[in-house]
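Have it open while you read, and click through the residues as they come up.

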Amino acid sequence: MKKLRYLLYTALLLTLLSACTSIMPKPSINTNQPIASTNDTNEYLNFELSNGLKVLVISDTHAEKAAASMNIHAGSYHEPDAFPGLAHFLEHLLFLGTERFPEPDAYQNFISQHGGSHNAFTSARDTNYFFDVQPSHLDASLERLAQFFIAPLLSPDYLEREVNAVHSEWSGTLQDDGRLRLTALRQAFNPDHPASRFSAGNKESLDISNLTLRQALLDFYNAYYTTDRMTLVVLGKESTQQLKTMVEAHFSEINKNEAVSDPVWPTLFKADQLPAQVDYLPLRQQRQLQLLFPITDQTANYRKKADRYLGGLIGHEGEGSLLAVLKEHNWATSLSAGTQMNTGSEALFSIAIELTPAGDAHRDEILALVFNHLALIKQQGVDAWRYQEDAQLAANAFRFIETSKAGSLVTHLAMNLATYPAQDVLRAPYAFDEFNPELIHSLLNQLTPERLLVVRTSPEVKANQTGQWLPAKFSLTKLKLDLNTVQLTASTQLPKANNYLPTNLALKEGKSVEQPQALIKEQGMEVWQGLDTSFEVPRAQLFISLQNPQVANNLDQRLLARLTASWLNDQLNTSAYPAYLAGLSYNVYPHARGITLALGGFNSEQPRLVEQMLQELQAAQVDEQQFARLQQRLKQNLQNQQKDRLVQQLIHQLYKDAVAPSSWSVEEQLATLDKLTTAELSHFISNFTQQLYVQIMAWGNSSADETLALARQVKQQLNPKLTAAEVDLLHTKQIPAGQWYKQLHLDHNDQALLFYVQGKDTSLIEEANLRLLAQLQSAAFFHDLRTQQQLGYAVFSNALPLLQQPGIFYYVQAPNHQPDYLAAAIESFLLADKQRLEELSLADFEQNKRSLMNNLLQEDRRLGERAERLWREVGSQHQNFDRRKQLAAMLQPLSQQDFLSFYESLMERQRGFYLIATTPEQQGTPEQQNKPLPGAAAKTEEWTSH
């Protein structure tokens, strides 16, 4: 599994390393200014309020969204044993009114009305609240957020309502393998450690009949929501001094309560608990072997990165690597390694291996191979040059940083500010400052069989226990390892020096363009290119779409195309993994017309990798074991689609029904997949390249001459012959005016309804009205059906375009109500909301319209984001590259009366309404399960295409 080695805002440009020599960068002279990348144009200021609140403000003069995040360095580990889930429950309650803004939806409405979004999360040791908003409304938004920590109501009137919401959220995880597996894992921990406890909360753990519950909430709030545990990050267009003034005005009121130390937690495992094995029986088709070792928490050693260094050597995927050898034996499909679950004193080092059925049957050999590889690292792998290579890769990533979305950035930094010194808040996750072989060996000495917890996930597991709070099926046993008796016929190697390091990091000369230009349009091929160095990074995005008309309407061919994409990724993995590590990403993905080769990152070595990809494709060497592994993985993925979140499954059904050409059910795909053979895949790949139309787009630090040279290379290797007209395009079907429904019985414990309204055409004015409707209704829909009616936790609405077809959806997932009830509730909301929309002041209407226009006109924040958007237009053959600007221009003159007329016609069913619902087979009476939804049963096969 490819691991994202260099994440947000990291690492400093480092000098070359020598063994045991510090490469700590020179500290910033201004201690209020975090060390930042030379490519980072933001201004930063770190300070502390008189009440002890640590703050970082960021001035981004180009920001199209302002944002803020408040992190509380306390979470579920800190809550009392009597009320599991209390920290999460408190997080919910803070949104339901403050003394200054008492309405339960005041904060949400304000943020939504001004083009923003908001959320929060509770983890083991942190609770985080964050929002983004139009920059001009940052000050008022900060005022509202600050009141969460000054004077929240925590009203008794909302306790039952919000417990219901927490319970509904918990209910939605009853068939979530990730949560269930965690439940099983917790049984292996020291029962006195908070990691062993249930933390989500439900009606039983948060019993509102217990009169001490609210007092426990207040006690927790007063103990841990203190300024010594708070870190605030704010981003806006204003100067850092102006932002500081805003923060001082709103957050200085937070009382500086007496600091409370963290509880003293015992070790994660008692002395006699390891080695042990947890066997978890998953709901999805999944086979995994995870090796967990308790190690010393490495947070304090963040400048040395000993655990990251080890993770890179264990998780490498190149020639001779642990994963490569496991693949040769047909035992595994992916592998990852690294640290997780830091507790402050301890952490877990994880080696996670995705197994094949054959690998599941050879677990002892796999364990022996892993420990042999660890021994090899200990003997030969702790080298200064390897650390130097990691440092150089980090340096490149840091030097050419691209900006993140404002909300993501402030959340990331607020958590970092709680963990690292202010100067290192940007660079800490990727600082490779000191090669310390003693520390690396110390960690290796903790990765021993005696300290091992094995977590096996497999449909073959024989479970003998069930979790208390979530119905996880598992067993827990002491592990007896005797690796000396295991006969191994294979051995691993350590990676060689990376030969894919970029050779040219210079930016191309010339003016950046806003949209790609067509360089070639001829039989067999079209080529688009755009020079874009506006992000100041020597990167390019390259797309090569190989389109064959046989793929669109034939299930065998569609599945073989999917297998071809997987096969090519698999073929490339070993040889091209160094390219990935060096910052040259690649992926081969299937689509309805064939496959696409997508490359990104540093562009200097892209032509070399493209040549390798096409050579592999034309060689078409597929062996039996490889085919079996790829077929099994695709089968597993298809089976697991039936275990996706309900909203994903319902939207997938909508797409299947409303988009052509052909789409097939999971059952049809599985039946056909079982019949395919290695020979058929080899034959398909060989013939696939004989009948092609090719679309190419290069965007970023790539010149027209370079793109033309690459196009000649592709043409010479593939010799495409078809025209664009010979390849089918995807298109949407028009849902007839009126209301239609489809009822499903998916494998889930909840009921759900997707209420979709399709635009009557693909015009800009139709899309503008539907997007504005989504903007105006989102917060009101949530407040009515979730907060007031408490129908369920998952309640939301949004615009939902299908290709060029505009639309809007309303979604409710409910544990206790049948779909016909949900349909009636949504229908009632839509009818009642007409009056709210009519009574909306002109100022509010115009404000919402401006918010939507601002969102549409937001500049892309990253090169890849812009390239993906432009590529979608090329691939669709519309080439409407400025559609967002056209939509904003359409909104500008739209009057409130015009919009109300649109809503009137929508409610008169002048557009197609399509309701897709699911009810579990085991819930309700047959009459309830089969009670029809309002409207008529849909005959989707009769719907006509645009």
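A word on terms before the points: buried means under 20% relative accessible area, exposed over 50%, and partly exposed in between (1.4 Å probe, protein chains only). This is a predicted model, so local features need pLDDT of at least 70 and side-chain atom pairs count only at pLDDT 80 or more, while totals for chains, interfaces and linings use all residues. Residues are numbered from 1 along each chain as its sequence is written, and side-chain values use heavy atoms, with hydrogens and water left out.

1. Let's begin with the rings. I get 34 aromatic pairs in the structure, where rings of Phe, Tyr and Trp (its six-membered ring) pair if their centres lie within 6.5 Å, and planes under 30 degrees apart count as stacked, over 60 as edge-to-face and the rest as tilted. One of them is the tilted pair of Phe 95 and Tyr 129, with 6.0 Å between centres and 40° between planes. Phe 95 sits in the loop between helix 1 (86–93) and helix 2 (106–113), and Tyr 129 in strand 5 (residues 127–133), so this pair ties together parts 34 residues apart in sequence. Helices (H or I, at least four residues) and strands (E, at least two) are DSSP runs here, numbered from the N terminus. Both Phe 95 and Tyr 129 are buried.

2. Next, have a look at Phe 149 and Tyr 225, a stacked pair at 6.3 Å centre to centre and 25° between the planes. Phe 149 comes from the loop between helix 3 (138–146) and helix 4 (159–171), and Tyr 225 from the loop between helix 6 (213–224) and strand 6 (230–236), so the pair ties together parts that are 76 residues apart in sequence. Phe 149 counts as buried at 3% relative accessibility, and Tyr 225 does too at 2%. Ring pairs link Phe 95, Tyr 107, Tyr 129, Phe 148, Phe 149, Tyr 221 and Tyr 225 into a cluster.

3. Two arginines over rings deserve a look. Arg 608 lies over the face of Tyr 500, 3.8 Å from the ring centre. Arg 909 does likewise with Phe 913, at 4.1 Å. The criterion is NZ of Lys or CZ of Arg within 6 Å of the ring centre and within 35 degrees of the ring normal.

4. On to helix packing. Helix 16 (residues 555–581) packs on helix 17 (residues 606–619) at about 130°, with axes 10 Å apart; axes are lines fitted to C-alpha atoms, for helices over the stretch in contact, and angles run from 0 to 180 degrees between N-to-C directions. That makes helix 16 oblique to helix 17, given that under 35 degrees is roughly parallel, over 145 roughly antiparallel, 65 to 115 roughly perpendicular and the rest oblique.

5. Lys 849, Leu 852, Met 853 and Leu 856 in helix 25 meet Arg 884, Leu 887, Ala 888 and Leu 891 in helix 27.

6. Where is Gln 886, and what does Gln 886 touch? Gln 886 belongs to helix 27 and is partly exposed, at 26% relative accessible area. Leaving aside neighbours within four places in sequence, Gln 886 is in contact with Leu 764 and Asn 880.

7. How enclosed is helix 8? Nine of the 10 residues of helix 8 (residues 306–315) are buried, so this helix is largely enclosed by the rest of the structure. The buried ones include Asp 307 and Tyr 309.

8. Please check the backbone in a few places. Leu 274 and Pro 275 are joined by a cis peptide bond, with omega about 0°, and Pro 275 is in the loop between helix 7 (240–251) and strand 7 (276–281). The bond from Ala 660 to Pro 661 is also cis, with omega near 10°. Asn 719 has a positive phi, near 50°, and is not a glycine; at 43% relative accessibility, Asn 719 counts as partly exposed. Gln 879 also has phi near 50° and is found in the loop between helix 26 (863–876) and helix 27 (883–891).

Methods:
Contact = heavy atoms within 4.5 Å.
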